[in-house]
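Subject: Structure handover and findings

Hello,

The structure you asked for is below. My notes on it follow.

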Amino acid sequence: MDLDVFVTAHRAEWDRLEELLRRRRRLTGAEADELVALYQRTSTHLSLVQSSAPDPALTGTLTSLVARARSAVTGTRRATWRDMGRFLAAGFPAAVYRARHWWIPTALLSTLVAVLIGWWIGAHPEVRSAIAAPEQLREMTRPGGQYETYYSSHPAASFAAQVWTNNAQAAAICLIFGAFLGLPVLWVLWQNMLNIGIGIGLMASAGRLDTFLGLILPHGLLELTAVFVAAGTGLRLGWTVVDPGPRSRRRALAEEGRAAIGMALGLALVLFVSGVIEGFVTPSGLPTWGRIAIGVAAELAFLAYVYVLGGRAARAGEMGDVDAEDRSSEAPAAA
């Protein structure tokens, strides 16, 4: 396609659309119909330029013009409480359910890595000595030591807020930067599993693994599930770059990326719950079985939420994407 000829042929239509947009509040009925027709034509022009002669300057100009025209034609839509309710009841659990073939293997493999690291540290004194001096290790693992007092070292509310912020940031890294072939996701997973593995190994070597599990399981079940969901979704997003399937790579990344951003919001709520448990239940005076029971109940509730509500919504066609009217228009690329 000769770009100069194309611009010359359609410049008058774009200028006319620009003129109608400037005075769109004072349009006659005929002019409003003309605006709609010009919006549709300009959308097709943009698609042709992107597919046949992707000039950055022209693409940017037409993209801005089409976006403004679309806003004028369709109107501005504001999110409502009904949208939030639909997202929590269908969109978010469906997105988690659809990603289960990624986050469940991620959870199993990551847990195995943490256990192997813990076994390696617990079975090899020379590895433990490389981590810290013997007196430092005793201070961490003794009754009333650092591992036990960590969860009660700050006021419960501020500790819960700090934990929630840190975990939400880790989940966001997995979801947002997963498109970089999943490499940031693997780094986040490694850091989490390394920390857990070190705790398992050190406390097991001190004969206090039951104490460690009693401290980490109440909040850790839900917290790690949220991290695994974020990591699995991020890895799926990274794989979409490699293999978008029958969709174009651009469309596949847009759809999966929008679902991932929505999932980040949903997982922030899940991590808020786990942060509350970590701040108020884990350091509480409840017996170990009571604290673990609360953690197991929270985990089972989340899994039921995903597999019952999410499974039903996914089978009904819910993708976890935004509503169709909120997506970008896609014009045909063929002339």
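Of the 335 residues in the protein chain, 41% are buried, where buried means under 20% relative accessible area, exposed over 50% and partly exposed in between, with a 1.4 Å probe and protein chains only. This is a predicted model, in which local features need pLDDT of at least 70 and side-chain atom pairs count only at pLDDT 80 or more, while totals for chains, interfaces and linings use all residues. Residues are numbered from 1 along each chain as its sequence is written, and side-chain values use heavy atoms, with hydrogens and water left out.

Fold

The secondary structure comes to 13 helices and zero strands; helices (H or I, at least four residues) and strands (E, at least two) are DSSP runs, numbered from the N terminus. Among contacts with a separation of 6 or more, 76% are between residues 24 or more positions apart, a contact being heavy atoms within 4.5 Å.

Helix H5

Helix H5 covers residues 100-123. Its 24 residues should span 34 Å at 1.5 Å a residue, and its end C-alpha atoms are 34 Å apart, which agrees. The expected span is 1.5 Å times one less than the number of residues. Buried residues in H5 are Trp103, Thr106, Ala107, Ser110, Ala114, Ile117, Gly118 and Ile121. They pack against helix H4 (81-98), helix H6 (125-131), helix H10 (183-205), helix H11 (209-242) and helix H13 (288-315).

Nonpolar cores

A nonpolar core here is a set of buried Ala, Val, Leu, Ile, Met, Phe, Trp, Tyr and Cys residues joined through side-chain atoms within 4.5 Å. The largest one has 44 residues, and those with the most contacts inside it are Phe92, Val96, Ile196, Met263, Leu267 and Phe302. Two or more residues each come from H4, H5, helix H9 (156-176), H10, H11, helix H12 (249-281) and H13. H11 gives the largest share of this core, ten residues. Leaving out residues up to four places away in sequence, Val96 touches Trp103, Val229, Met263, Phe302 and Val306. Another core, of 17 residues, lies apart from the largest one and includes Leu38, Leu48, Leu58 and Val66.

Aromatic pairs

A search of the whole structure finds six aromatic pairs. Rings of Phe, Tyr and Trp (its six-membered ring) pair if their centres lie within 6.5 Å; planes under 30 degrees apart count as stacked, over 60 as edge-to-face and the rest as tilted. The centres of the Phe6 and Trp14 rings are 6.3 Å apart and the planes are at 50°, so this pair is tilted. Phe6 is buried at a relative accessible area of 9%, and Trp14 is buried at 3%.

For Tyr97 and Tyr307, the ring centres are 5.6 Å apart and the planes are at 85°, so the pair is edge-to-face. Tyr97 lies in helix H4 and Tyr307 in helix H13, so the pair ties together parts that are 210 residues apart in sequence. Tyr97 counts as buried at 13% relative accessibility, whereas Tyr307 is partly exposed at 35%. The charged end of Arg100 sits over the ring of Tyr97, 3.9 Å from its centre; the criterion is NZ of Lys or CZ of Arg within 6 Å of the ring centre and within 35 degrees of the ring normal. Phe87, Phe92, Phe302 and Tyr305 form one aromatic cluster.

His219 is in helix H11 and is buried, with a relative accessible area of 2%. Apart from neighbours within four places in sequence, His219 is in contact with Tyr151, Ser274, Ile277, Glu278 and Thr282. His219 and Ala298 are 79 residues apart in sequence and 8.6 Å apart in space, C-alpha to C-alpha.

Glu255 is in helix H12 and is buried, with a relative accessible area of 17%.

Record annotation

The unreviewed UniProt entry lists residues 102-121, 168-189, 259-277 and 289-309 as "transmembrane region". UniProt positions are given in the numbering used here, feature names are shortened, and annotations may be inferred rather than shown by experiment. In the model, residues 259-277 are 100% helix and 0% strand, with end C-alpha atoms 27 Å apart. Residues 289-309 are also 100% helix and 0% strand, and their end C-alpha atoms are 29 Å apart.

Regards
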